[in-house]
Amino acid sequence: MTFRASILGAAAGGGLPQWNCGCENCNLARSGAIPEQTQSSVAVSANGDDWALLNASPDIRQQMARTSVLHPTDLRVSPLKSVVLTNGDIDHVAGLLTLREQQPFTLFATRDIHQAIQDNPIFGALKPEIVDRQIIALENPFELVPGLWATLFPVPGKVPLYLEQDVVQTDLVGEQTVGVYLKTAEKNAFYIPGCSGLTPDLRDRLDGADMVMFDGTLWRDDEMVAAGLSQKTGNRMGHMSMSGDDGSIAAFADIEIGKKVYVHMNNTNPVLRPSSGERAIAEDAGWTIAQDGMEFHL
Ligand code: MLT
Ligand code: MN
Ligand code: ZN
């Protein structure tokens, strides 16, 4: 079996352009000068017929409409068999509400992430007799779709924004923020759209991977502050930046990985401008900047 991944949405929460944002990138995207990007989600398959979503973004309706492998194959027969969540953030779970049309699928997540959904009655629209909610223990492989096995593992992060309290720990390692290890008979890939730091454990895990899709939220930690958009640094949002001595470009430089792909880019990230110097630096370091519609076959 091969491994296929289709980038449904390459942007972080808000998308590009974000409805209320007048930053340079959002204006360029509105004018058509750079490509728009929808919010964070990837479709994966081993056999090309049965597909799983890695996160369900608020833009899922549009994403599925333009992705032919996800179109119904008969009256109410969908290639979409399952969804796995990497955290409870709105950009990763709001799309579940669009999947409420009496369509069976399996929803895989850790106990903590399921709890965040369970606690919100609106998700009762996904009826338990139709949508099977399976609690997945960390480090326990499960079959995500035929021929494609997944393992959830903890990565440093924080609770969803809507569950934050006065004190927020941004390097929590537990069930709130996970990465997904994906494996077919021949190939493997990692999906880690949110991660606040590359721990030695994580570095060992990624070494030798065929492909890694990794948190590309910000170029610089103070990018949103410098742009006058927010008081929050990347670190405070639970994201490791691309550039700098403690950035992901440097951290990944000596890890052996077949293909490195940045996903979950915030709309302020200069790499979203194809002609930017930052984009060239990332690409020279071996990174692909994901874009909506991009497909990978391993
Ligand atoms: C994030 O990735 O930091 C979150 O999606 C932010 C949010 O919930 O808007
Ligand atoms: Mn996000
Ligand atoms: Zn913007």
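For the metal sites I will count as donors the N, O and S atoms within 2.8 Å of the metal (3.2 Å for Na, K and Ca), and since water is not among the atoms, sites may look incomplete. What we have is a predicted model, in which local features need pLDDT of at least 70 and side-chain atom pairs count only at pLDDT 80 or more, while totals for chains, interfaces and linings use all residues. Residues are numbered from 1 along each chain as its sequence is written, chains are lettered from A and ligands numbered from 1 in the order in which they are written, and side-chain values use heavy atoms, with hydrogens and water left out.

Are the cysteines buried or exposed? Here buried means under 20% relative accessible area, exposed over 50%, and partly exposed in between, with a 1.4 Å probe and protein chains only; Cys21 comes out as buried at 8%, and Cys26 is buried at 0%.

Now the manganese. The manganese ion (ligand 2) is coordinated by Asp91 through OD and by His264 through NE2, at 2.0 to 2.2 Å. This pair links distant parts of the chain, 173 residues apart, with Asp91 in helix H3 (residues 90-93) and His264 in the loop between strand E12 (259-263) and helix H8 (277-284). Those labels are DSSP runs numbered from the N terminus, helices being H or I of at least four residues and strands E of at least two. Asp91 is buried at 8% relative accessibility, and His264 is buried at 5%.

Both of these residues return around ligand 1, where the residues with a heavy atom within 4 Å are Asp89, Asp91, Met237, His239 and His264. Taking polar contacts as pairs of N or O atoms within 3.5 Å, a polar side-chain atom of Asp91 lies 3.0 Å from an oxygen atom of ligand 1, one of His239 lies at 2.8 Å from such an atom, and one of His264 at 3.1 Å.

Next, the backbone. Most residues other than glycine have a negative phi, and most peptide bonds are trans. His264, although not a glycine, has a positive phi of about 60°, and Gln102, also not a glycine, has one of about 55°. Gln102 sits in the loop between H3 and strand E5 (105-109), and is partly exposed at 48% relative accessibility. A cis peptide bond, with omega about -5°, joins Leu16 and Pro17, and Pro17 belongs to the loop between strand E1 (4-9) and helix H1 (24-31).

Finally, how many cavities of 30 Å³ or more are there? A cavity is a set of points, on a 1 Å grid over the protein atoms alone, where a 1.4 Å probe fits but cannot get out, and its lining residues have an atom within 4 Å of a point; the count is three. The largest has a volume of about 80 Å³, and of its 13 lining residues those closest to its centre are Asn87, Asp89, Thr177, Met237 and Gly238.

Conventions. 1 Å grid on protein atoms, 1.4 Å probe; cavity = no way out; pocket = protein on both sides within 12 Å on 5 of 7 lines; lining within 4 Å. Points joined across faces, edges and corners; volume = space filled by probe spheres on them. Polar contact = N/O pair within 3.5 Å; in protein donor to acceptor, adjacent residues only side chain to side chain.
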